[in-house]
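Me: Got a model open here and want to go through its charges and surface. Can you walk me through it?

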Amino acid sequence: MRSIWNGAISFGLVSIPIKLVNATESHSISFRQIHTEDGGRIRYRKFCELEDREVTQGEIGKGYEDADGTIIPITEEDLSSLPLPTAKTIEIVAFVPADRIDPLQMDAAYYLQAGGAPAAKPYTLLREALKRSNKVAIAKFALRGRERLGMLRVVGEAIAMHGLLWPDEVRTPEGLAPDTNVTVRDQELDLADALMDTLGEVDLEDLHDEYREAVEEVIAAKAAGEAPPQAPEPATGGKVLDLMAALESSVRAARESRGEEAEHAEVKSLPQRKTARAAPKQTGGKKSTSTTKKTAAKKTTAAKKSTAKSGQGTVKSGQGTAKKTASSKSTAKKTAAKKSTSRKRSA
């Protein structure tokens, strides 16, 4: 790794030659400015306003603008010969517990590399002293035209330094908290604790930049002449008004996502709320009632049909008897008439 600064660590009367190396790198995707009509690059050129001509990087230096607009040139030699012990030295001023450092003060991170064989012994001595004390070193150093604060700590077998903001560079959070009185119930805290426990810990190595990956997919698709992938439809959800219900649902969803049984999603029994909802439908009972009604209806219909048929049979039987009776009477009349005729002839 390329060093960006060479100097020494001042540890009391011990001087440790070191090289400063960037401990982090950016993987963000950078874009160029283009002319939207033809895709031409947009470039910025540096002009000298006195000569009205473009100048090269080698012709550009530093200057301080005074209150009256006067520019005072400042050279690298001026900065390197500042009357400060931290101009080329990381001066350790104290050792404090790590929890004394406010994370808001954290700035860029660097690795300190031992500058050659002579620095190996004092470098190792400082590293082991930091390990055994469980403390971090507070130091002052100058970089990029200003004096800065730094925090030295052990990372693996190396010493790392975090740049720190000066205390007056950190803003206070006044006026940012809710200005209304809010009461948080123990039940809500219990559910919040349960949600935190369910989400658990995470291995930071498993986290990655999904935004950068999505941008890379868009670039690859457009380079291949294909349509870029479309964003999925956002989940539609109503406005959550009940904090307890939201916490319960969050715990349940978190446990289901981890493969735990849904029946264990309830954290603790809560008092049932009075609602105007109707009682759940009893599907089985209705089916049984419906079946009974249908069976009874079928039996009634069958009985009616049977009665009707019996009635019809009785009517037909009566009609047949009546016919037979009428036929017998007719036969009797005919017989009586014949007898009367025979008698008259005999006389």
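**Salt bridges and surface**

Reply: This is a predicted model. A search of the whole structure finds 11 salt bridges.

Me: Which residues are linked in a network of salt bridges?

Reply: R127, E128, K131 and E157.

Me: How far apart are N and O in the bridge between E128 and R127?

Reply: That side-chain pair meets at 3.1 Å, N to O.

Me: Are those two buried or exposed?

Reply: R127 counts as buried, because its relative accessibility is 12%. E128 is partly exposed at 35%.

Me: And what does E157 pair with?

Reply: E157 forms a salt bridge with K131. The closest N and O atoms are 3.5 Å apart. E157 sits in the loop between β10 (146–155) and β11 (158–164), and K131 in helix α2, so the bridge ties together parts that are 26 residues apart in sequence.

Me: How accessible are E157 and K131?

Reply: E157 counts as exposed, at 52% relative accessibility. K131 is partly exposed, at 33%.

Me: Why do such side chains pair at all?

Reply: Opposite charges can pair when the charged atoms of the side chains come close.

Me: Next topic, E188. Where does it lie?

Reply: E188 is in helix α3, residues 186–199.

Me: Buried or exposed?

Reply: E188 is buried, because its relative accessible area is 11% and the cut-off for buried is under 20%.

Me: What is E188 in contact with, leaving aside neighbours within four places in sequence?

Reply: T183, L243, M244 and L247.

Me: And which residue forms a salt bridge with E188?

Reply: R185 does, with the closest N and O atoms 3.6 Å apart. R185 is partly exposed, with a relative accessible area of 42%.

Me: What else is in helix α3?

Reply: L189, for one. L189 is partly exposed, at 43% relative accessible area. Together with V182 and V184, L189 makes a nonpolar surface patch of about 280 Å².

Me: Now charge patches. Which residues gather in the negative one?

Reply: D209, E210, E213 and E217 gather in a patch of negative charge on the surface.

Me: Where is E213 found?

Reply: E213 is in helix α4, residues 210–223. E213 counts as partly exposed, because its relative accessibility is 33%.

Me: Which residues gather in a patch of positive charge?

Reply: R32, R41, R43 and R45, also on the surface. R32 has its place in the loop between β2 (14–22) and β3. At 63% relative accessibility, R32 counts as exposed.

Me: Last topic, backbone. What is phi of D52?

Reply: Near 55°, a positive value in a residue other than glycine.

Me: Where does D52 sit, and is it buried or exposed?

Reply: D52 is in the loop between β3 (47–48) and β4 (53–54). D52 is exposed, with a relative accessible area of 61%.

Me: What about phi of N134?

Reply: N134 has a positive phi near 55° and is not a glycine. N134 is in the loop between α2 (120–133) and β9 (135–143). N134 is exposed, because its relative accessible area is 63% and exposed means over 50%.

Notes:
Residues numbered from 1 in each chain as written. Predicted model: local features only at pLDDT ≥ 70, side-chain atom pairs only at ≥ 80, totals over all residues. Heavy atoms only, no water. Patch = residues over 30% accessible without salt bridge, like charges linked within 9 Å, V, L, I, M, F, W, Y side chains within 5 Å. Areas by Shrake-Rupley, 256 points an atom, 1.4 Å probe, with all protein chains shown as cover. Salt bridge = Lys/Arg side-chain N within 4 Å of Asp/Glu carboxyl O. Lys, Arg positive; Asp, Glu negative; His and termini not counted. Charge placed at Lys NZ, Arg CZ, Asp CG, Glu CD. Helix = DSSP H or I, 4+ residues; strand = E, 2+ residues; numbered from the N terminus. Buried < 20%, exposed > 50% of the residue type's maximum accessible area, 1.4 Å probe, protein only. Contact = heavy atoms within 4.5 Å.
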